[in-house]
Amino acid sequence: MTDPHWLDDVEMRAWLGFVRTRDLIAAAVGRDSSRESNLTYVEYSVLAYLASSPDHRLTFADLAAKLEWSQSRLSHQITRMEKRGLVAREPIPDDARRTAARLTPRGTDVLSTAAPAHVDSVRRHMVDVLDREQLAALADIYDTLLAHHRKAATPD
């Protein structure tokens with residue numbers, strides 16, 4: 001058995017920095033979202049993706065892909081959000097095996113009310129903490145990491 005290739009100080013700092021800040025920022029934005037609009041961070045994300053889609057509607061497969069979730073996880077989330085009147089399930093007319101999620105008028109109203117506070121929270125907890133050069137570098141880093149992981153997840 002070979003020894004593991006342990007992380008050096010810079011690698012460990014980068015890894016722990018990512019893990020800790022991701023959790024801290026997501027928790028802070030989530031707390032702000034719940035307090036301001038009674039939406040969880042996850043609910044806000046679902047509503048935002050639907051709002052930015054044609055007809056405020058996406059198939060479960062497309063929405064799950066955007067959120068990078070399993071369709072099972074999405075189905076459970078949609079069920080909870082349906083009970084609150086935020087989204088509705090719709091059959092796909094030409095494919096009875098597929099379902100779409102649609103933003104309801106209530107979901108649109110809730111999202112419209114929540115969006116300004118959400119953006120303010122994202123700015124306060126992340127964007128405005130960094131200067132423009134740092135923000136651009138961070139965006140480039142995340143683009144590289146996302147491309148790597150999406151490529152790895154795509155079967156050849």
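**Helix packing and the nonpolar core**

The axes of helix 2 and helix 3 cross at roughly 120 degrees and come within 11 Å.

Reader: Are helix 2 and helix 3 oblique or perpendicular to each other in this model?

Author: The model is a predicted one. The axes of the two helices cross at roughly 120 degrees, and angles from 65 to 115 degrees count as roughly perpendicular. The orientation of helix 2 and helix 3 is therefore oblique.

Reader: Which residues of helix 3 make the contact with helix 2?

Author: The crossing of these two helices is right-handed. Helix 2 contributes Ser45, Val46, Tyr49 and Leu50 to the contact. By class, the contact has five nonpolar, one polar and one charged residues. On the side of helix 3, the residues are Leu63, Lys66 and Leu67.

Reader: How is helix 2 oriented relative to helix 4?

Author: Helix 2 and helix 4 have axes 11 Å apart and pack at an angle of about 95 degrees. Angles of 65 to 115 degrees count as roughly perpendicular. Helix 2 is therefore, relative to helix 4, roughly perpendicular.

Reader: How many residues in the contact of helix 2 with helix 4 are nonpolar?

Author: From helix 2, the residues Val42, Glu43, Val46 and Leu47 meet Arg73, Gln77, Ile78 and Met81 of helix 4. Two residues of this contact are charged and one is polar. The number of nonpolar residues is five.

Reader: Which residues have the most contacts inside the largest nonpolar core?

Author: The largest nonpolar core contains 21 residues. At least two of its residues come from each of helix 2 (41–51), helix 3 (60–67), helix 4 (71–83), strand 3 (95–103) and helix 5 (105–125). Those with the most contacts inside the core are Val46, Leu47, Leu50, Leu63, Leu74 and Ile78.

Reader: Which residues does Leucine 50 touch, not counting residues up to four places away in sequence?

Author: Leu50 is one of the residues with the most contacts inside the largest nonpolar core, and Leu50 also takes part in the contact of helix 2 with helix 3. With residues up to four places away in sequence left out, Leucine 50 touches His56, Arg57, Leu58, Leu63, Val87, Ala101, Arg102 and Leu103.

Reader: In what order do the elements of the protein run from the N terminus on?

Author: The protein has six helices and three strands. From the N terminus on, their order is α-α-β-α-α-β-β-α-α.

Reader: What percentage of the residues of the protein count as buried?

Author: The C-alpha atoms fill a box of roughly 55 × 40 × 25 Å along the principal axes. A residue counts as buried when its relative accessible area is under 20%. Of the 156 residues, the buried share is 26%.

Notes: Residues are numbered from 1 along each chain as its sequence is written. This is a predicted model: local features need pLDDT of at least 70, side-chain atom pairs count only at pLDDT 80 or more; totals for chains, interfaces and linings use all residues. Side-chain values use heavy atoms; hydrogens and water are left out. A nonpolar core is a set of buried Ala, Val, Leu, Ile, Met, Phe, Trp, Tyr and Cys residues joined through side-chain atoms within 4.5 Å. Buried means under 20% relative accessible area, exposed over 50%, partly exposed in between (1.4 Å probe, protein chains only). Helices (H or I, at least four residues) and strands (E, at least two) are DSSP runs, numbered from the N terminus. Contact means heavy atoms within 4.5 Å. Axes are lines fitted to C-alpha atoms, for helices over the stretch in contact, and angles run from 0 to 180 degrees between N-to-C directions. Angles under 35 degrees count as roughly parallel, over 145 as roughly antiparallel, 65 to 115 as roughly perpendicular and the rest as oblique. Ala, Val, Leu, Ile, Met, Phe, Trp, Tyr, Cys and Pro count as nonpolar, Asp, Glu, Lys and Arg as charged, and the others, Gly among them, as polar. A crossing is left-handed if the near helix is turned anticlockwise from the far one by less than a right angle, and right-handed if clockwise.
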